[in-house]
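Subject: Structure handover

Hello,

Here is the structure I said I would pass on.

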Amino acid sequence: MTTEKPGEYPYTRGINPDAGVWTMGQYGGFGTPAETNERFKMLLEQGLTGFSVALDLPTQLGLDSDDPLSLGEVGRVGVAIDSLEDIEILMDGIPLEKITQVRTTANSIGYIWAAMFVALAEQRDMDPNKFGMFIQNDVLKEYIARGTQIFPAEAGLKLSTDVIEYIATKVPRWVSLAMSGYHIRESGSDAIQEVAFTFANAREYLDAAIARGVTVDQIATTLFTFLSSNIEFLPEVAKFRAARRTWARLIREKYDPKEANSEKLRIFAFTAGSSLTAQQSMNNVVRTSIEMLAAALGGIQTMHVSAFDEALGVPTEEAAMLALRTQQVVAFESGVLKSVDPLAGSYEIERLTDELAEKMWEMLEEIEKRGGALACINDGWFSAELSEKAYEFAMSIESGERKQVGVNIFKADTPPYKPFEINPESEKGQVKALQALRAKRDNAKVDVTLAELHRVAVSGENIMDACIEAVKAYATVGEIVNELRKVYGKWKPTRTF
Amino acid sequence: MAPTRVVIAKPGLDGHDRGAKIIARVLRDSGFEVIYTGLHQTPEQIVTTAIQEDAQAIGLSILSGAHMSLFTRVLELLREQGSHNVLVFGGGIIPEEDKAQLLKLGVGQIFTPGSPTQEIVDWLQGALKVNI
């Protein structure tokens with residue numbers, strides 16, 4: 001029987017002594033800011049307490065909606081944001097102070113997102129510390145797994161660190177970084193790599209920010225981790241427990257914090273998109289229910305449940321609603337919140353937790369020996385490890401060793417499903433609005449702020465203040481990124497597989 | 001006999017390359033010579049690579065929903081370059097309706113999530129009439 005108590009170091013059993021309901025933040029966004037604003041208002045009326053803004057790929061890659069490379073991608077996998085004007089529309093009529101958490105997939109453009117919400121708060125005459133902004137800002141995992149990198153990795157790290165430094169010192173209520181293992185797992189890793197690669201990335205940010213004179217306590221208390229909740233129930237429950245233990249040990253042993261809160265790992269869990277199947281897609285409701293129960297029993301702070309039709313397209317309104325209802329049923333009907341870490345003491349859970357925590361630590365040490373996360377990104381070691389695991393996984397499904405209902409066992413024809421359709425006019429509308437903005441704003445002011453941004457970037461100082469000024473002048477995402485590209489250069493794709 | 005060359009490409013801005021890399025590896029293990037383009041390729045870059053490498057087929061992997069514009073553009077460019085004999089196929093999150101339309105436009109085949117890799121290998125060998 002374990003003697004460790006919830007809310008005590010190393011927090012295997014949870015960061016709080018008592019159970020509490022997690023933040024239900026569903027991920028969504030598509031088309032124009034106005035269309036997404038409407039969907040968010042609907043979800044807020046239905047009991048959502050936080051939400052996540054999915055950004056389209058051009059925005060995530062720092063391209064304006066009228067860039068030739070954006071053609072066909074505007075508003076596809078998320079909402080298009082070109083300038084502060086789009087954020088004004090996106091958040092129109094939404095009281096920021098009532099929302100516990102606004103998350104976003106801004107990584108390579110984390111600094112622009114942060115700047116836009118600082119500017120929005122200023123417009124509303126509001127202290128940005130009065131609402132919870134949760135910026136993903138984990139650019140390093142983009143090079144490993146998610147693929148929206150813009151600059152060479154060193155520059156990416158520098159910009160993410162600018163955001164972390166700014167938030168840690170000026171807006172400590174915000175989450176400056178979601179250390180993201182989810183995408184690493186989705187790219188094929190196992191649970192050990194998911195956590196170890198992620199914490200190794202986190203060390204790069206921590207070391208870089210500490211080198212600027214920010215304390216570990218200022219930074220660590222603004223962090224979250226973003227992990228997958230996958231289909232194998234017991235190992236996933238154990239993973240959340242092991243991740244907390246590993247983080248607490250890492251911070252204590254390597255960073256010597258003064259505050260206990262710095263050692264507490266806050267977790268955002270997201271059900272695994274890669275576990276969902278296009279075949280017999282309604283089965284995915286069952287899969288995500290199991291996955292989210294694992295996360296709930298694993299003691300997480302925030303959760304997203306995937307919509308069952310994700311393998312088929314952008315979720316429909318009905319599918320998005322069912323995902324939220326799944327959370328509500330588990331939280332309010334199942335009784336899972338009556339106690340903290342209720343599986344503690346189970347032989348298998350404790351055995352798995354010990355084993356995973358030990359292996360996570362070993363892998364962190366191996367990465368350290370290899371020169372740290374940045375070195376493992378640049379020499380391709382992380383990518384090679386993931387490709388190998390992804391290949392093994394695919395082969396285990398093909399051989400039938402790993403079973404998937406509807407895919408390699410119990411196959412059946414299912415009626416064709418009609419996924420959500422993006423309004424084809426959205427892209428044109430967004431491009432038109434952008435062009436109208438360029439015509440009506442004070443372009444001389446835009447040029448001055450961009451020149452200042454350029455100067456600050458060359459100097460190596462934190463670019464946040466200069467970026468906020470550019471955003472307030474309605475410089476676009478593409479213009480800001482282009483200016484910085486002149487300073488930092490471009491990331492070059494690799495052809496290995 | 002010269003090896004059969006296939007370009008596996010990630011067109012557009014989508015960064016999800018787990019599937020593309022698996023297919024590249026499976027095709028290589030089945031005897032094809034595979035060139036993987038890496039991320040963020042424009043249709044122009046992909047077609048240029050295919051022509052330079054003298055590839056007989058191009059496989060496009062798209063999960064972002066931009067498949068209609070990207071497939072169409074690749075087909076157009078191949079036609080402009082007089083390379084319409086290059087077989088274009090692909091995979092990703094592609095709704096049935098779009099799949100039917102793409103096949104009509106001249107795409108050889110579309111493989112959606114869950115397609116066994118052997119099915120892709122068999123189809124490609126058949127379509128290119130190669131017996132590796």
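The C-alpha centres of domain 1 and domain 2 of chain A are 27 Å apart. Domain 1 of chain A covers 23–398 and domain 2 of chain A covers 426–488; such bounds come from an automatic or database domain assignment.

This is a predicted model, in which local features need pLDDT of at least 70 and side-chain atom pairs count only at pLDDT 80 or more, while totals for chains, interfaces and linings use all residues. Residues are numbered from 1 along each chain as its sequence is written, and chains are lettered from A and ligands numbered from 1 in the order in which they are written.

Between the two domains of chain A, 34 residues of domain 1 are in contact with 22 residues of domain 2 (contact: C-beta atoms, placed from the backbone, within 7 Å). On the domain 1 side, helix 3 (84–90), helix 4 (110–123) and helix 6 (153–170) of chain A each give two or more residues (helices are DSSP runs of H or I, at least four residues, numbered from the N terminus). Helix 4 of chain A has the largest share, seven residues. By class, this side has 19 nonpolar, seven polar and eight charged residues (Ala, Val, Leu, Ile, Met, Phe, Trp, Tyr, Cys and Pro count as nonpolar, Asp, Glu, Lys and Arg as charged, the others, Gly among them, as polar).

The contact between the chains takes 34 residues from chain A and 32 residues from chain B. On the chain A side, the elements giving two or more residues are helix 2 (57–60) and helix 15 (381–398) of chain A. Helix 15 of chain A gives the largest share, five residues. The chain A side has 19 nonpolar, ten polar and five charged residues.

Regards
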